Amino acid sequence: MRSIKKKVAEEMKRGHRGPDAGCPYHPSHFKGQDCTFCYCPFYPCNDTDLGADIGSKRGGTVWDCTDCLFIHRTNVCRFILSEFERQGITDPGDPRIPGILPEAKRRFFRTGRALMILGATSDAGKSVTVAALCRILSRKGHLVAPFKAQNMSLNSRVTRKGHEIAMIQVLQAMAAGIKNPDYHMNPILLKPKGDTVSQVMVEGRPFGDYDVGRYYGEFVPGPGREIVKRNADFLKARYDFVIMEGAGSPAEINIYDRDIANMGAARLADADCILVVNVEWGGAFAYALGTLELLEDQDRRRLKGIILNNVRGDPSRMEDGARRLEEIAGVPVLGIVPHADVRLPTEDSGSFRGRDSVGSGRIKVAAIKLPRIANFTDLDPLFLEDTTVKFVTDPREIPGFDAIIIPGTKNTVEDLAWMKESGMADAVKAMKGKVPILGICGGYQMMGRTLRDPKGLEGSRPGTHEGLGLFDTETEWDEYSKRVRQDSAVLISTGEPVDGYEIHMGMKVRDGEAPLFRVDNFNESFDEGSVREDEMLFGSYLHGLLDRPAFRRYFLSFASSGEGEVGTEDYDRDVDENLDRLADVFESSLDMDALMGILGVRP
Amino acid sequence: MFLGTSSGAGKTTMAAVYCRHLASKGVRTAPFKASNLSLNSYATSEGGEIGMGQAFQAWACGAEPSVEMNPVLLKPSGGRMQVILRGRPFAEASVGQDPDTEMMAAEAFRAFDSLSSRYDAVVCEGSGSPAEINLLDRDIANMRMVRERGIPAVLVADIERGGVFAVIYGTWRLIPEEDRHLLRGFIINRFRGDPSLLRSGIERMEELTGMKCLGVMPYADLRFPEEDSLSEGRGRLEGGDLRGAFMDNLDELLEIARESLDMRALDRIAGG
């Protein structure tokens with residue numbers, strides 16, 4: 001406590017500071033944050049709008065306000081400083097200080113507005129619209145957070161606090177300028193395990209396996225609504241705007257009363273809504289009008305605008321139709337948005353439907369398209385390089401490639417069986433020593449000698465499975481547990497940094513191989529992955545290992561024999577630039593006055 | 001007439017299945033699509049060019065493909081559009097500068113009337129969505145044919161991307177009220193899962209629109225000729241002879257259709 005007071009005394013003496021770009025931890029919360037009070041003069045304020053008691057390591061409780069953004073708002077900082085001056089407060093222990101907080105809250109603490117982006121279909125462009133709005137509002141100086149009540153996706157990421165949320169909400173948080181996305185932004189994550197069963201993750205942790213019937217019959221009416229409400233409320237208390245993303249279409253009238261992803265979530269968060277329609281497939285006006293008119297009256301009143309998205313060619317040819325739609329529907333068309341040619345990670349495997357190859361570079365990379373492929377966004381950074389990445393299901397194609405990647409999977413045992421039955425296993429083994437082969441997570445587990453599943457936790461029945469035998473490693477599923485954590489590592493071969501995250505069940509129990517990475521987290525250090533440089537074999541649990549240039553360059557150097565252009569670009573920076581371009585496309589096509597009006601911002 | 005609620009909804013294939021169904025019962029059947037926007041074309045024995053979809057449907061009927069089955073074929077190329085009339089190149093038009101709608105409509109009616117006089121049944125296919133309200137005055141392939149020739153119509157809606165009830169209802173709503181009585185039914189296409197999950201939605205749709213649900217077609221991993229530039233080639237196609245392979249797949253799909261659709265109701269609609 002005394003050290004905090006000492007820091008606060010320094011801050012009081014220094015006066016207003018604004019964003020401290022020179023600080024190595026900046027921005028610790030969000031882009032543009034005010035750093036006047038890195039240490040809070042009110043700590044511990046015990047105000048439950050701003051923080052909460054959590055259990056401490058020594059027993060008892062400690063006041064946790066790591067999620068408080070209020071003290072980093074410029075108007076709040078200026079007000080506090082002006083009160084210090086007006087009242088002549090110079091001592092951080094002055095008993096008048098706690099009295100300033102209620103007045104600051106009265107003036108500046110507002111519950112944020114929620115806006116829901118609905119899609120007429122899957123792939124309507126909800127995710128990118130949310131990302132674009134997050135970036136647009138963040139650039140205007142607003143504090144904004146993304147939110148998706150329920151997301152079905154196999155592409156997830158790990159938050160700083162070790163929770164698992166959908167990758168796309170992490171991307172949207174990045175668009176919003178948020179440094180540390182957290183589980184509130186995606187409180188329910190469904191990870192499909194088979195055709196009808198999903199693992200339900202609640203607030204970043206495994207909750208249980210549900211089939212469709214039990215999910216809608218038990219989970220949604222049971223804990224589901226409360227989970228959505230408390231997390232939406234959490235974000236609304238901290239941000240000016242919460243931009244919500246729906247799931248699929250809100251007009252699925254056969255499950256309408258059991259929905260917590262679309263109108264159900266909009267009601268719980270009291271959000272106005274905007275409907276996004278992808279015009280690419282035709283029927284856009286029918287999708288828009290039908291969606292709107294199938295909503296219940298109480299929900300239709302929330303719908304404040306329509307966006308016609310992804311127009312290729314001249315957007316003005318949609319104008320007549322848009323005006324007619326407005327007349328019939330009684331809802332304004334906020335914009336006709338052209339196809340945005342940006343490079344961003346994609347939400348689901350549906351998005352590479354019909355597009356099984358990306359890029360046109362010289363290094364031809366085969367990505368094995370496992371039936372239960374997961375976290376395939378791991379491969380996205382390859383598009384920064386001189387590569388062509390093709391998703392391959394036919395083993396006969398394998399010999400034509402310069403590198404092979406076996407990606408992650410939701411079910412290693414079942415996909416390993418597919419590898420063997422399809423002939424893919426033999427095709428990959430035949431390339432050993434000829435081209436570099438990389439296994440990531442489940443793909444890495446498959447590369448080993450033996451996979452033991454004595455309790456049938458991964459496969460449908462207990463068993464021991466022979467792996468591809470490329471590495472002398474063994475994996476075992478011994479208990480229903482999951483490792484989820486962020487890792488900072490160095491590539492041992494070059495000493496360069498790599499960041500990644502692990503999400504897996506099944507642990508390596510034997511390893512006769514040299515490690516690929518040295519992980520150095522602040523509380524633990526260990527070797528990770530396996531490598532045989534002479535045979536060009538690489539394996540790791542680290543998702544995101546290609547994001548930073550170090551490993552990407554290293555891996556591709558084995559493929560290219562120095563021929564292709566191997567870049568040094570940082571993937572995060574590339575994504576950030578593309579988010580700006582995406583926001584530009586939306587900002588120039590939308591009626592921004594109308595949009596800000598819906599958000600309650602007066603011009 | 002099979003109308004689609006979007007591109008790639010499965011019109012071409014459903015029309016072909018119905019052609020096959022009628023032909024197997026001994027009905028002399030011809031396919032027809034007034035106007036086709038496609039780069040996939042077929043050369044008829046008379047040396048005329050028509051959309052690949054209509055050639056495929058003609059084979060399904062056991063008929064020889066002819067230019068009347070697709071009297072207008074529009075082939076986009078770069079910034080231009082080649083207009084094929086009655087199988088022969090007629091003009092090159094810049095995009096945005098549309099060929100004469102009335103002239104094309106007259107060709108379409110002439111071809112349709114000729115087929116009607118020679119066959120017992122003409123199975124028609126629409127183009128894109130009939131509810132593109134920005135294009136209504138230029139659209140000859142959908143409601144214009146239906147209205148002026150009194151052709152009963154069925155909507156084909158793809159459920160794969162979701163929003164299927166919205167698009168069926170929205171399409172029906174955007175068709176002018178005086179023409180809606182010709183919309184007689186709808187088919188939900190490419191469903192994965194247990195169709196009983198859809199029952200409450202289907203009943204509501206029938207109530208709202210008066211159209212009859214003719215059934216739910218399951219997703220089938222079978223490949224057919226590309227309907228238009230937006231469809232993605234996917235699915236199973238085996239054997240060396242393309243035409244034979246398409247027909248084998250079509251017979252397989254007809255079996256599925258007979259299990260999944262109310263073919264007698266479809267026959268009654270077609271019979272007027």
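Reader: Where does N46(A) sit?

Author: N46(A) is in the loop between α1 and β1 of chain A. Bear in mind that this is a predicted model.

Reader: What makes N46(A) "partly exposed"?

Author: A residue needs 20 or more other C-beta atoms within 10 Å to be buried, and 12 or fewer to be exposed. N46(A) has 13, so it falls in between and gets called partly exposed. Its phi is also positive, about 55°, although N46(A) is not a glycine.

Reader: What else is in that loop?

Author: P27(A) and P44(A) are there. The bond from H26(A) to P27(A) is cis, with omega near -15°, and the one from Y43(A) to P44(A) is cis too, also with omega near -15°.

Reader: How do you know how α5(B) and α6(B) are oriented to each other?

Author: Their axes cross at roughly 5° and come within 11 Å. Angles under 35 degrees count as roughly parallel, so that is the name for this pair. On the α5(B) side, F165(B), I168(B), Y169(B) and W172(B) meet G201(B), M205(B), L208(B) and T209(B) of α6(B).

Reader: What kinds of residues make up that contact?

Author: Six nonpolar, two polar and no charged residues.

Reader: And which residues have the most contacts inside the largest nonpolar core?

Author: V242(A), I243(A), M244(A), L275(A), V277(A), A288(A) and L308(A), in a core of 191 residues. Domain 1 (2-108) and domain 2 of chain A each give that core at least three residues. Apart from it lies another core, with 57 residues, including V358(A) and L491(A).

Reader: What does V277(A) touch?

Author: Leaving out residues up to four places away in sequence, its contacts include A120(A), Y287(A), A288(A) and L308(A).

Reader: How many residues of each chain are in contact across the two chains?

Author: 30 residues of chain A are in contact with 29 of chain B. The largest share on the chain A side, nine residues, comes from α8(A). That side divides into 12 nonpolar, 11 polar and seven charged residues.

How values were computed
Residues numbered from 1 in each chain as written. Chains lettered and ligands numbered in written order. Predicted model: local features only at pLDDT ≥ 70, side-chain atom pairs only at ≥ 80, totals over all residues. Contact = placed C-beta atoms within 7 Å. Helix = DSSP H or I, 4+ residues; strand = E, 2+ residues; numbered from the N terminus. Nonpolar A, V, L, I, M, F, W, Y, C, P; charged D, E, K, R; others polar. Core = buried A, V, L, I, M, F, W, Y, C linked by C-beta atoms within 7 Å. Domains from an automatic or database assignment. Axes fitted to C-alpha atoms, helices over the stretch in contact; angles between N-to-C directions. Parallel < 35°, antiparallel > 145°, perpendicular 65-115°, else oblique.
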